[in-house]
Amino acid sequence: MTKTGSAAAVAGANFALVKYWGKRDDRLNLPAAGSISITVDSLTTRTSVTFKDTKERDSLLMNGKAVSGKMLDKVSGFLNLVRNRAGIRQPASVETVNSFPTGAGLASSASGFAALALAASNAAGLNLSRHELSVLARQGSGSAARSVFGGFVEMNRGSRDDGEDAAATELAAAAHWPLTVTVAVTDLNPKDTGSRDGMALSRETSPFYPNWVAGADADLAECRKAVLNRDFGKLADVSEFNCLKMHGVAMSSRPGLIYWNDTTVRLIHEARRMRNDGIPVFFTVDAGPQVKFISLPEAALTVKTRLDGMPGIKELFSCSLGEGVCEAKGGAG
Ligand code: 2P0
């Protein structure tokens, strides 16, 4: 490539119902087990990439601020995958904007690396398939492989050593079952222990980790069936079970990883209370203190009204299920 290549993309965050917590290969970022998630429409990352004919190094502007250090190194490493594939050497300037708090357990790395995968590969002149994009995005962040697709998404563990079969697929489109997610943000600060370090610690130290991995296929089968049958009760049951198991593994690591705060716990109880009151809603919590309430759309307003004004909630977002990563016009802003 001799001319300057530029492209932009937008991707939605995703929340796992059957969670990814552990790797079978650190270098290629291969998951120890599969996972199932929903991609949402209104928590998005928009990223633009421009490869330039200059001798400068890669640059990264995140939410309007220049970023260096580990984050830039990670993005540069990811761009090298794209450059090697395209046979180019030019440095890139990357601009990325999140519509939500970054690094606080709201899946910013998922939407971030999915958007970067599409923007960078298009800017480099590659025309990757969805499968290839998912394999590429996974090498930035495991959960990003899922944000390549919309609606209900399954990440496959894969069995190949080269990771080419460790990619996501669409389980069902968003229109199959238009669930609503109400996100209660209880802390706007980035978490102390990131997912990557947290899951490595769990693999090395939690006595529950082998059982967690061994139980994944059964949870995936139950979740898949509940989604395909639109069985809300079964989806609530397996999702809460899997979420609490993941946190059990995290908490039983040494030192224990406690991603929750007091509000997180109160909100988990509130989700259970709502369901006891006949409201079709369940909770899930990822590697952070935020609580996601997943409900049938007709219950979304009731859920929001019950949560509105509760102490400890800093922000409430409502999302619908969204589409996978797509091209965007113009710059990142
Ligand atoms: C998930 N999480 O399935 C789980 C639940 C967090 C808790 O995927 O090391 O940022 O970059 O592959 O994708 C977060 O892990 O980790 C995650 P890396 P990632 O959504």
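I started with helix α8 (residues 232–251), which lies across β11 and β12 and runs at about 20 degrees to β11. Contact here means heavy atoms within 4.5 Å. Helices (H or I, at least four residues) and strands (E, at least two) are DSSP runs, numbered from the N terminus. Axes are lines fitted to C-alpha atoms, for helices over the stretch in contact, and angles run from 0 to 180 degrees between N-to-C directions.

Next I looked up helix α9 (residues 262–276): it packs on the sheet and touches β10, β11 and β12, its direction making about 160 degrees with that of β11.

A note on what I'm reading: this is a predicted model, where local features need pLDDT of at least 70 and side-chain atom pairs count only at pLDDT 80 or more, while totals for chains, interfaces and linings use all residues. Residues are numbered from 1 along each chain as its sequence is written, and side-chain values use heavy atoms, with hydrogens and water left out.

**Sheet**

I traced the strand order as β11-β12-β10-β13, an open sheet of 4 strands with antiparallel pairing. Two strands pair if DSSP finds at least two bridges between them. β11 (281–284) and β13 (315–320) are at the edges with a single partner strand each, so one side of each has no neighbour in the sheet. I noted an average twist of 20 degrees from one strand to the next.

Then I checked β10 (residues 180–185) against β12 (residues 291–295): they pair in the antiparallel sense over 5 bridges. In that pairing, valine 183 stands opposite lysine 292 in β12.

**Ligand**

I listed 17 residues around the ligand, with Tyr20, Lys23, Ser141, Gly142 and Ser143 coming nearest; a residue is near if one of its heavy atoms lies within 4 Å. By class, I get 6 nonpolar, 6 polar and 5 charged residues in the shell. Helix α5 (residues 195–205) gives the largest share, 3 residues.

For polar contacts (pairs of N or O atoms within 3.5 Å), I found a ligand oxygen 2.7 Å from a side-chain N or O atom of tyrosine 20. The value is 2.8 Å for arginine 196 and 3.1 Å for serine 109. Taken alone the ligand exposes 470 Å², and the protein buries 93% of that (Shrake-Rupley method, 1.4 Å probe).

**Backbone**

Most residues other than glycine have a negative phi, and most peptide bonds are trans. I flagged a cis peptide bond between arginine 254 and proline 255, with omega about 0 degrees; proline 255 is in the loop between α8 and α9. I also flagged asparagine 63, not a glycine, with a positive phi of about 50 degrees, in the loop between β5 (59–62) and β6 (65–67).

Terms used:
A polar contact is a pair of N or O atoms within 3.5 Å; within protein, one must be able to donate a hydrogen and the other to accept it, and residues adjacent in sequence count only if both atoms are side-chain atoms. Ala, Val, Leu, Ile, Met, Phe, Trp, Tyr, Cys and Pro count as nonpolar, Asp, Glu, Lys and Arg as charged, and the others, Gly among them, as polar.
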